[in-house]
Amino acid sequence: MTAAKPRILVIDDEPQILRFLRISLRSEGYEVLQAGSATEGLMLAATEAPDAIVLDLGLPDMDGQEALRQLRRTCRTPVLVLSVRSSETEKVEALDNGANDYVTKPFGIREFVARIRVLLRDREPAALRPSADIYHSAGLHIDFVKRSVTLDGEDIHLSKKEYALLARLAATPDHVVTQQQLLAEIWGPTHKEDTHYLRIVVAKLRNKLGDAPSAPRFLVTEQGVGYRLITYEAE
């Protein structure tokens, strides 16, 4: 299985900037979503679950600083501000409002793409990163670098949320991860009570792994608490 390409949402009202970033980011292997206004960008951020957001401050319908504040009320996605505003005051305000990085126009595309890579790399909290690049147990093989999963040698095609759940449990195998932890880490802190989201993804993941809830091979439900991934000793 090859995981989906990282999705970058670009919110900017300059057509030439949108075109330039679309071409540049796609050439680096990213999927690109585009919005020409803050309203459209906020909607896409809420509905399309991008992996990173590039935000201009000079938007036609709302100041970018306000758009950033609204994003941060519901969204933990890394944000890189891309703006002609170069004053220290603007940069400090953007960072205080929740931006992860700030690049001024004009900009070099190589540095810009490098900063996107850093945002995506740093999105996962260090404490949750697996200690090894590979997880392997009872025919289940996860390559955390390639973000690929196989079961008994066959590719398993997972959605982004399914992979995130499996990888999170594999980062701490044989340890229970609570429902609230999983919801906060995968969906965001505002979704800690949305347990139905988690149940749906768990059911789909179990189906793809051929795992029966009554006799699980991999994914165990700790009733009312959370989930854990079973690890078997190497034969």
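User: How many bridges join strand E4 to strand E5, and do the two run parallel or antiparallel?

Analyst: Strands of a sheet pair through backbone hydrogen bonds, either parallel or antiparallel. This is a predicted model. Here strand E4 (residues 79-83) and strand E5 (residues 101-104) run parallel and are joined by four bridges.

User: Which helix makes a β-α-β unit with E4 and E5, and is the unit right-handed or left-handed?

Analyst: Helix H4 (residues 88-96) makes the unit with E4 and E5, and the unit is right-handed.

User: What is the order of the strands in the open sheet?

Analyst: In a regular strand the side chains alternate between the two faces of the sheet. The open sheet here has five strands, in the order E2-E1-E3-E4-E5, with parallel pairing. Strand E2 (31-35) and E5 are at the edges; each has a single partner strand, so one side of each lacks a neighbour in the sheet. Ignoring direction, neighbouring strands of this sheet are turned by 20° against each other on average.

User: Which strands does helix H1 lie across?

Analyst: Helix H1 (residues 15-27) lies across strand E1 (7-11), E2, strand E3 (52-55) and E4. Relative to E2, H1 runs at about 165°.

User: Which residues does the UniProt domain annotation cover?

Analyst: The unreviewed UniProt entry carries the annotation "domain: Response regulatory" for residues 7-120. Over residues 7-120 the chain is 49% helix and 20% strand. The C-alpha atoms at the ends of this stretch are 10 Å apart.

User: At what angle do helix H6 and helix H7 pack?

Analyst: Two packed helices are described by the angle between their axes and the distance between the axes. For helix H6 (residues 160-171) and helix H7 (residues 179-187), the angle is about 130° and the axes are 11 Å apart. H6 and H7 are therefore oblique to each other. The crossing of H6 past H7 is right-handed. On the H6 side, the contact is made by Lys161, Ala164, Leu165, Arg168 and Leu169; on the H7 side, by Gln181, Leu182, Glu185, Ile186 and Trp187.

User: Do strand E11 and strand E12 run parallel or antiparallel?

Analyst: Strand E11 (residues 219-222) and strand E12 (residues 226-229) run antiparallel, joined by four bridges. Glutamate 222 has glycine 226 in E12 as its bridge partner. E11 and E12 form a hairpin with three residues between them.

User: Which residue in the turn has a positive phi?

Analyst: Glycine 224 in the turn has a positive phi of about 75°.

Definitions and conventions. Residues numbered from 1 in each chain as written. Predicted model: local features only at pLDDT ≥ 70, side-chain atom pairs only at ≥ 80, totals over all residues. Heavy atoms only, no water. Pairing = 2+ DSSP bridges. Right-handed = clockwise from strand over helix to strand, strands pointing away. UniProt positions renumbered as here; feature names shortened; annotations may be inferred. Axes fitted to C-alpha atoms, helices over the stretch in contact; angles between N-to-C directions. Parallel < 35°, antiparallel > 145°, perpendicular 65-115°, else oblique. Left-handed = near helix turned anticlockwise from the far one by under 90°. Contact = heavy atoms within 4.5 Å.
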